[in-house]
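Me: I am new to this structure and would like to walk through it one step at a time. Could we look at it together?

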Amino acid sequence: MKKMKIAKTTKNNLITYLIVLFAYLAVQVLLATGNISSLMKGLLVPLCIYVMLAISLNLTVGILGELSLGHAGFMCVGAFSGAFFSKCMDGAMPDGLRFFAALLIGAAVAGIFGILIGIPVLRLKGDYLAIVTLAFGEIIKNLVNVLYIGKDKNGFHFSMKDSISLHLDPEGQVIINGAQGITGTPHDASFTIGIILIFISLLIILNLINSRDGRAIMSIRDNRIAAESIGINITKYKLMAFSISASIAGVAGVLYAHNLSTLTALPKNFGYNMSIMILVFVVLGGIGNIRGSIISAVILTLLPELLRGLSDYRMLIYAIVLIAMMLLNWSPKAIEWKEGLKRYSKKEKGVK
Amino acid sequence: MKKFNKVMSVVMASAMTAALFAGCGNADAGTQTADSAPAAEEAASETGGDTAAAGAFKIGGIGPTTGSAAVYGLAVQNAAQLAVDEINAAGGINGVPIEFKFEDDECDAEKSVNAYNTLKDWGMQMLMGTVTSGCSIAVAENTAEDNMFQLTPSGSAVDCVKYDNAFRVCFSDPNQGAASALYIGENAIASKVAVIYDSSDIYSSGIYEKFTSEAANQPFEIVSAEAFTADNKTDFSVQLQKAKDAGAELVFLPIYYTEASLILSQASTMGYSPIFFGCDGLDGILNVENFDTSLAEGVMLLTPFAADAEDELTQNFVTTYKEKFGDTPNQFAADAYDAIYAIKAAGEKAGITPDMDMNAICEAMKGAMTEITLDGLTGVGMTWDASGEPDKAPKAVQIKDGVYTAM
């Protein structure tokens, strides 16, 4: 019995990997045969980014059982630190190595922020994480908007006022220019890199879930008191899940920064709405269901673009589709109906 | 059996994903102007067949038509459509009509690139966009890669036109800042100047920075420079109080008119009445709802376009625009209108034909843009140089008796 159960989760994970692999191969075939529109081609990297954000948030929301409303904040931190590094090192290092280092730096910085926030907040019971992460996301966005960093031969200059007070040499370069953000980040992101990063994130998350640590994390989610009574270090495990989730979001941010040449912290891309958007991916795909997050992130990112034909009505339709999908997935009646269908098909099989 | 089900679900799921991608691919396969250089030749023949049948130039536009910046996108969309209709009625470019399509980008750089790719799938040959600076920089990266001709009506940040395929109609932010400082200094309007600007806005902080650096060479002094952000733009009493305490005779407002109207009414409540001086963002202040226009009396602004100008071109444009869209056009609309006419002028100069692919058009247009002279709404005798910057004289207007009057 026990053996079968392990086999089942392995198989389940394998399916998730295979879906990603199949999607990748399918796209590669389409690219090679030229059967793909430029819109689709442009969407490939953003899709990878949103998938990574969704699965990483699912680690916090689904596995750890804490609500985080500031996931875009971690993405923002990762994006800016990665882009900052790339801008400084552009030309000084080989492109591939620089991008790899930028990814690591983005992950590390976002992870550190995750730990910093987690240490005080994850010790508390209740919904405090949601409130604090919400504030964090907004603060980071505003902080980045008043940050001015420049570089010349004397080293780095820093200011919170404006780029004039950096007092740069004439040939100095402003790297982060307040509200104008970082412009001219090298375009390194590609679909293949995105898929590789998804694979790595999946490996980390799925292995964590199925490990001893993962079971400890889930036991905290299911019953904190029981977990505490058997000697599980609650803060440590909470912090572990939360910081891993944050650093994957940071990597997604680095990918985002290297896909567009302009990086600005607007409410649109790193604000509250974005965090909620990622949460919607997770909820729609099923809380705690990693594969579901991947699929819902893909569908919900594609939907507004595929509805472009409807011009301004698409936002309306998008909202309606979202409501309909949520109802269909999660209303008790719909679940009951699906259960009934499952039971019916099982009965059929039994007869056979 | 169970195993079979699992296998089935994998197959079905991947089939679904594939179908999603393939579906969109096939739908637009006919208009693959798309691909980058290597595939361009193949694509060219496809586009050739496509557009020759339609016999039209395909010009795309990108801008926010939903969301908080929708005002600007809609103005550009409407005015560009107006210009396209006029040109088509008059026989088009080199006798060929124009097809114009506008896509929404929600003022988001990522969405803007998506919109650009959508337009490429449609078979766009020239791009009139994008409306906002941040999006324009992101899209310029792609147009440069594809070698697509780009003319932005209102992307004013410096980096919008850093590639040689991109041009703009409006002034760049630094230009406006420097011109404002120069104007105030040369005409000796004030000796103590305060600045209130939006530090979270590219347009506003761009102008502010150049204004400050140019002010060092001018015979006036900046006594206070206070910022606000997009999250906190309803109460300006602190900034105004500081300006007042510093004894500023002139308050420079490189911001948009919505906030400026609040500043004006709050200043009048405080009993503070300096000279207010703004840039093109202040254009439209007289149309703000529930705003007492008498407060704007004496406000000076440096703008390339005033809807109340007396010349025939502006009069015609404003009347037709009002008739069609029931709204007074703002500077964005004027920029878009001029952009379409600039494309027409350059197209005629370069002798482009609709069966040329986008690379050939871009090459021809790049040269022709620097040779044309355009008498448009936003300036008489506008010329462009290879850097993509327009050369036109800024006009200063003052609000007198509720109308813009040239100074």
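**A guided tour in questions**

Me: Which hand has the crossing in which α6(B) passes α7(B)?
Reply: Happy to start there, with a predicted model in which local features need pLDDT of at least 70 and side-chain atom pairs pLDDT 80 or more, while totals for chains, interfaces and linings use all residues. Residues are numbered from 1 along each chain as its sequence is written, and chains are lettered from A and ligands numbered from 1 in the order in which they are written. A crossing is right-handed if the near helix is turned clockwise from the far one by less than a right angle, and left-handed if anticlockwise. The crossing of α6(B) and α7(B) is right-handed.

Me: How are α6(B) and α7(B) set to each other?
Reply: Their axes (lines fitted to C-alpha atoms over the stretch in contact, with angles from 0 to 180 degrees between N-to-C directions) come within 7 Å and cross at roughly 45°. Angles under 35 degrees count as roughly parallel, over 145 as roughly antiparallel, 65 to 115 as roughly perpendicular and the rest as oblique. The two helices α6(B) and α7(B) are therefore oblique.

Me: How many nonpolar residues does the contact of α6(B) with α7(B) have?
Reply: Residues are in contact if their C-beta atoms, placed from the backbone, lie within 7 Å. Among those involved are Pro174(B) and Leu182(B) of α6(B), and Tyr203(B) and Phe211(B) of α7(B). Nonpolar covers Ala, Val, Leu, Ile, Met, Phe, Trp, Tyr, Cys and Pro; Asp, Glu, Lys and Arg are charged, and the others, Gly among them, are polar. Besides four polar and four charged residues, the nonpolar ones number nine.

Me: Is Ala188(B) buried or exposed?
Reply: Ala188(B) sits in the loop between α6 and β6 of chain B, and its phi is near 45°, a positive value in a residue other than glycine. A residue is buried with 20 or more other C-beta atoms within 10 Å of its own, exposed with 12 or fewer, and partly exposed in between, the C-beta atoms being placed from the backbone. Ala188(B) has 10 such neighbours, so it counts as exposed.

Me: And what about Cys107(B), buried or exposed?
Reply: This residue also has a positive phi, about 60°, although it is not a glycine. Cys107(B) lies in the loop between β2 and α4 of chain B. With 24 other C-beta atoms within 10 Å, Cys107(B) is buried.

Me: How many bridges join β6(B) to β7(B)?
Reply: Val195(B) stands opposite Ala225(B) in β7(B). The strands β6(B) and β7(B) run parallel, and the bridges joining them number seven.

Me: Which element gives the largest share of the side of chain A that touches chain B?
Reply: The contact takes 43 residues from chain A and 47 from chain B. Among the elements giving two or more residues to the chain A side are α1, α2 and α5. The largest share, nine residues, comes from α1(A).

Terms used: Two residues are in contact if their C-beta atoms, placed from the backbone, lie within 7 Å. Helices (H or I, at least four residues) and strands (E, at least two) are DSSP runs, numbered from the N terminus. Two strands pair if DSSP finds at least two bridges between them.
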